[in-house]
Amino acid sequence: MFTRNDTRKIKIGNIYIGNGERIKIQSMCNKKTTDTKSVVSQILELEKAGVDLIRVSVPDEMSAKNIENIKKVINIPLVADIHFDYKLAIMCCDRGIDKIRINPGNIGDSDKIKQVAEACKKKNIPIRIGINGGSLSKKILEKYDGKVTADGLFLSAVENVEALEKNNFFDILVSIKSSNVNMAVSAYEMFAEKYDYPLHIGITEAGTERSGIIKSAVGLGILLDKGIGDTMRVSLTANPVEEVRVAKKILESVGLYDNGIEVISCPTCARTDIDVIKIANEVEDMVSQIKTTKKIKIAVMGCAVNGPGEAKDSDIGVAGGRGEGLIFSKGKTLKKVRENEIVKELMLELEKLI
Ligand code: SF4
């Protein structure tokens, strides 16, 4: 259920990461950081979905200045994503940011890195070094014939960590992302062997919901199985809320997350006379916002022929009929309701159990 306990523990705002802590779920806003209303409303929606910390892009001064307005309204740690301009990182530190994500390699010379490290140190703000294929230095690329490799990613992470350590800065998290699953896994493995800094894991540019979910599930699943990963993001070309839902599902699948409620649903077949796909999705959406310490299983089954029998161990469920559904509990029928009442009835039954 928790992260490996031989990493450093890092405090980000009001949460801890690494060294036996629960693996935290991250996502990133896709609204303009200057648009307080939109960005805050998206963050609050992500909070409701279960995100633990959230990153915003800070491409200019206006965005950096708005950090304090965003911070006033949200309840989770805020991370600033900075590229190229070290002054923006320092501005964010002065405006209450909880973590900075930079790639020291593109921040510039050692004096600029020193200034960022000092500003962060003064306020106990951790820095995440974000390495990916696009951030490798010319020198590293040349070393590997111009190609992005796992060794090159690892070497870049080492160089960037050393750049901060030289400034006596150790409040570090690292991510080494690639859109190639095998490459990302190898690079993370090499880093985890050598360092005890907590790792933020992810498969970058994983793609749209369809391909991105599969790639992320495979990549993150392998890493988590090896005990690697203290925070994670599922990068999708989709609504960030989806990233959080998928991350929770991945953690659930490998036994590392449990909101107490499991939804199972049948694959549908010619016996199906209700819209099982729609109902199952609606039920899953509703329960994703509920957390309970109890263990509850909900079944959405297409028909009564196999439904209640196959889902006998479910605490509540529905088996479809022609435009209607039998609400059942532990295989026993409770009532018959119209198709458009199924989700509401399941939620009412769920409330009784919680
Ligand atoms: S539960 Fe019924 S509808 Fe669903 S797959 Fe099984 S037989 Fe088909």
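The legends below describe close-up views of a predicted model. Residues are numbered from 1 along each chain as its sequence is written. Because the model is predicted, local features need pLDDT of at least 70 and side-chain atom pairs count only at pLDDT 80 or more, whereas totals for chains, interfaces and linings use all residues.

**View 1. The shell of residues around the ligand.** The ligand is surrounded by Cys266, Pro267, Thr268, Cys269, Arg271 and Thr272, together with Met301, Gly302, Cys303, Val305, Asn306 and Gly307. A residue is near a molecule or strand if its C-beta atom, placed from the backbone, lies within 6 Å of it. By class, this shell has six nonpolar, five polar and one charged residues. In this classification Ala, Val, Leu, Ile, Met, Phe, Trp, Tyr, Cys and Pro count as nonpolar, Asp, Glu, Lys and Arg as charged, and the others, Gly among them, as polar.

View 2. Helices (H or I, at least four residues) and strands (E, at least two) are DSSP runs, numbered from the N terminus. Helix α13, residues 342-353, has twelve residues. From its first C-alpha to its last, α13 reaches 17 Å, close to the 16 Å expected at 1.5 Å a residue; the expected span is 1.5 Å times one less than the number of residues. The buried residues of α13 are Ile342, Val343, Leu346 and Glu349. They lie on the same side of α13 because they cover an arc of only 125° around the axis, the arc being that of the directions from the helix axis to the C-beta atoms. A residue is buried if 20 or more other C-beta atoms lie within 10 Å of its own, exposed if 12 or fewer, and partly exposed in between, with C-beta atoms placed from the backbone. On the other side of α13, Lys344, Leu348, Glu351 and Lys352 are exposed. The cover over the buried residues includes α11 (276-287), β12 (296-301), β13 (316-320), β14 (324-329) and β15 (332-338); two residues are in contact if their C-beta atoms, placed from the backbone, lie within 7 Å.

View 3. Two strands pair if DSSP finds at least two bridges between them. β12 and β13 run parallel and are joined by four bridges, with Val300 standing opposite Val318. β13 and β14 run antiparallel, also joined by four bridges, and the bridge partner of Gly320 in β14 is Gly325. β13 and β14 form a hairpin with three residues between them, and Gly323 in the turn has a positive phi of about 70°.

**View 4. Ile70 in helix α2.** Ile70 lies in α2, residues 61-73, and counts as buried because it has 21 C-beta neighbours inside 10 Å. Not counting residues up to four places away in sequence, Ile70 touches Thr36, Val39, Val40 and Leu78. Ile70 and Ser41 are 29 residues apart in sequence and 9.9 Å apart in space, C-alpha to C-alpha.

**View 5. Two loop residues with positive phi.** Asn19, in the loop between β2 (15-17) and β3 (24-28), has a phi near 50°, a positive value in a residue other than glycine. Asn19 is partly exposed, with 17 other C-beta atoms within 10 Å. Asp145 lies in the loop between α6 (138-143) and α7 (150-165), and its phi is near 55°, a positive value in a residue other than glycine. With 8 C-beta neighbours inside 10 Å, Asp145 counts as exposed.
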